[in-house]
Amino acid sequence: MTQTPAAEALVELSGVSKNYGNVRALEGVSLEVRAGEITCVLGDNGAGKSTLIKIIAGLHQHDGGTLSLDGAETRLASPREALDRGIATVYQDLAVVPLMPVWRNFFLGSEPRKGAGPFKRMDVDHMRRTTHAELLRMGIDLRDVDQPIGTLSGGERQCVAIARAVHFGAKVLVLDEPTAALGVKQSGVVLKYVAAARDQGLGVVLITHNPHHAYLVGDRFVLLKRGTMVGNHEREDITLDELTTQMAGGTELDDLRHELQRTQGRGDRRA
Amino acid sequence: MSTTQVKEADERILRTSPLRKLLGRPELGSVVGAIAVFVFFVFFADSFLRASSLSTVLYAASTIGIMAVPVALLMIGGEFDLSAGVMVTSSALVSSMFSYQATANVWVGVGVSLLVTLAIGAFNGFMLTRTKLPSFIITLGTFLMLTGLNLGFTKLIDGTVSTKSIADMEGFPSARDVFASTVTVAGVGFKVTILWWLALVAVASWILLRTRAGNWIFAVGGNKDAARAVGVPVTRTKIGLYMGVALGAWIAGQHLLFSYDVVQSGEGVGNELIYIIAAVIGGCLITGGYGSAVGSAVGALIFGMTSKGIVFAEWNPDWFKFFLGAMLLLATLLNAWVRKRAEATK
């Protein structure tokens, strides 16, 4: 994968907006994703993160602004089209089918086949072997690729989904809150794979509400609040503290701190 | 992809006990149940082990099994079809009435019936995916409409509740051979529907376990949204599943017609539940995403053994429904336990 910095951004959103009926879910959001870089999208609940993902993943179409892939303006009609154009999305809760074996999940939607005519069939041996090898490459040593994927831990399932996207030659990896439901250790494991995917030359969009996780791996940070973009920073322009403050609402946080201090002070006096 | 890694994994797989592997099979509950029912009737019904009894049991199982297979596939795909029972009758009626009214070769009627029945299946699937209403409601609607149409059209055209005989029409003997003949093996007559049934089980198992479509069926039933997100054509898969049920209804319907030469227009009501019961006893999860075609066949076999076994034991057939209900409850409990195991850490 070429990694010239001057190259066009893999994905570029410019002033994108989206309405659901009379509800404005997203307004004037811009971001770019480059090969070998991680773009973090930060925001609290209801900030519009999910809507943004759905536009990039082809589940929803934007109502305003432009979406460009490799410099050419476009509109994604379906998740299938997004996938065909190299955008793979890993959703927090709907990444896998829990009751299906790991190997079936790994190839779901892109099953390799052999044979011809009515005897065209899935190449099961190849699917089993590849699943095992690809997961091993990510450091997950599965005992049995036939076990239902629901028996894996949350972090492992995320990793399977990431490994799957990498295997199928995704150029852009969109991750929806990959660490949201995970403990500290498992979050670390997942972030390691996110970094591994970046090192393989993928452009990564990491959606999160955890600025600490974002700052560990991110190259640029887009902050969303109530559907609008309130910040778009390169890594060198911002510190973790500033990011946390902005993310938590800046002045609102200061107000909250004062308020809490005052109540605490009153409590002290009474004691 | 070095071979040593794969070998390493294989070594550890050997440590998984065969019992655990067996417990993971969807058919397990039904096979245990089938053996229990078999032993039960061998003990209580003296004539149960005779070859002719076996033939009768298999015939009863096959008429249910032909429909239980596609219904199981549909259930694995996460949907129901309450119209499946009367659709069999509709298919037979269309075939019979078209041939009679057009005074055509019965094979023409059989062909028209195939098209009409597939269209009904496609309608079910299309309505489901378009309206996003639960399949229970959509197919309950189709069930009632077909019940009405079956009676209404038959009375309108033939004046009574049954169709006119087509026995003397061109093509009838050959059609009867295909759909309703008896094959004699070692002096015992076996109905050809048993072959249809086994062929359907084989094809359905092949589709489910070895083809891309099978992967999609599991996925749309197990987690529709995840399936759609990775590019599985959910709409096409579901419509295809409903057309599969229609195909089964066509085969069963032609058998219904050609085993006699007339069709009673009120038949088939209630059978849809028996197909579903066979699929559920066979290990299909009612919530979708899990099950097998072989399981549905074992479910149908249990149905056949129970319904005929009670007759061989010379008991009042009224007891039959009690047995069926008990089997259903036991099977569902077992399935729930299996699912819990499969999703243990979720």
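## Contacts along chain A

Among contacts in chain A between residues at least 6 apart in sequence, how many join residues at least 24 apart? The share is 67%, where two residues count as in contact if their C-beta atoms, placed from the backbone, lie within 7 Å. This is a predicted model, in which local features need pLDDT of at least 70, side-chain atom pairs count only at pLDDT 80 or more, and totals for chains, interfaces and linings use all residues. Residues are numbered from 1 along each chain as its sequence is written, while chains are lettered from A and ligands numbered from 1 in the order in which they are written.

## Chain A as a whole

Let's step back to the whole chain. Chain A has nine helices and twelve strands; helices (H or I, at least four residues) and strands (E, at least two) are DSSP runs, numbered from the N terminus. The C-alpha trace of chain A spans about 80 × 50 × 40 Å along its principal axes.

Of the 271 residues in chain A, 44% are buried. A residue is buried if 20 or more other C-beta atoms lie within 10 Å of its own, exposed if 12 or fewer, and partly exposed in between, with C-beta atoms placed from the backbone.

## Two domains

Chain A is assigned domain 1 (11-238) and domain 2 (239-271), with bounds that come from an automatic or database domain assignment. Seven residues from domain 1 of chain A and seven residues from domain 2 of chain A take part in the contact. On the side of domain 1 that touches domain 2, helix H7 (211-217) and strand E11 (220-225) of chain A are the elements that give two or more residues.

That side of domain 1 has six nonpolar residues, one polar and no charged. Here Ala, Val, Leu, Ile, Met, Phe, Trp, Tyr, Cys and Pro count as nonpolar, Asp, Glu, Lys and Arg as charged, and the others, Gly among them, as polar. The centres of the two domains of chain A, taken over C-alpha atoms, are separated by 35 Å.

## A look at A:Arg113

You can find A:Arg113 in strand E7 (residues 113-114) of chain A. A:Arg113 counts as partly exposed because 13 other C-beta atoms lie within 10 Å. Not counting residues up to four places away in sequence, A:Arg113 touches A:Lys120, A:Arg121, A:Met122, A:Asp123 and, from chain B, B:Arg212.

## A hairpin in chain B

In chain B, strands E1 (residues 182-185) and E2 (residues 188-191) run antiparallel and are joined by four bridges; two strands pair if DSSP finds at least two bridges between them. B:Thr182 has B:Lys191 in E2(B) as its bridge partner. Two residues lie between E1(B) and E2(B) in this hairpin, and B:Ala186 in the turn has a positive phi of about 50 degrees.
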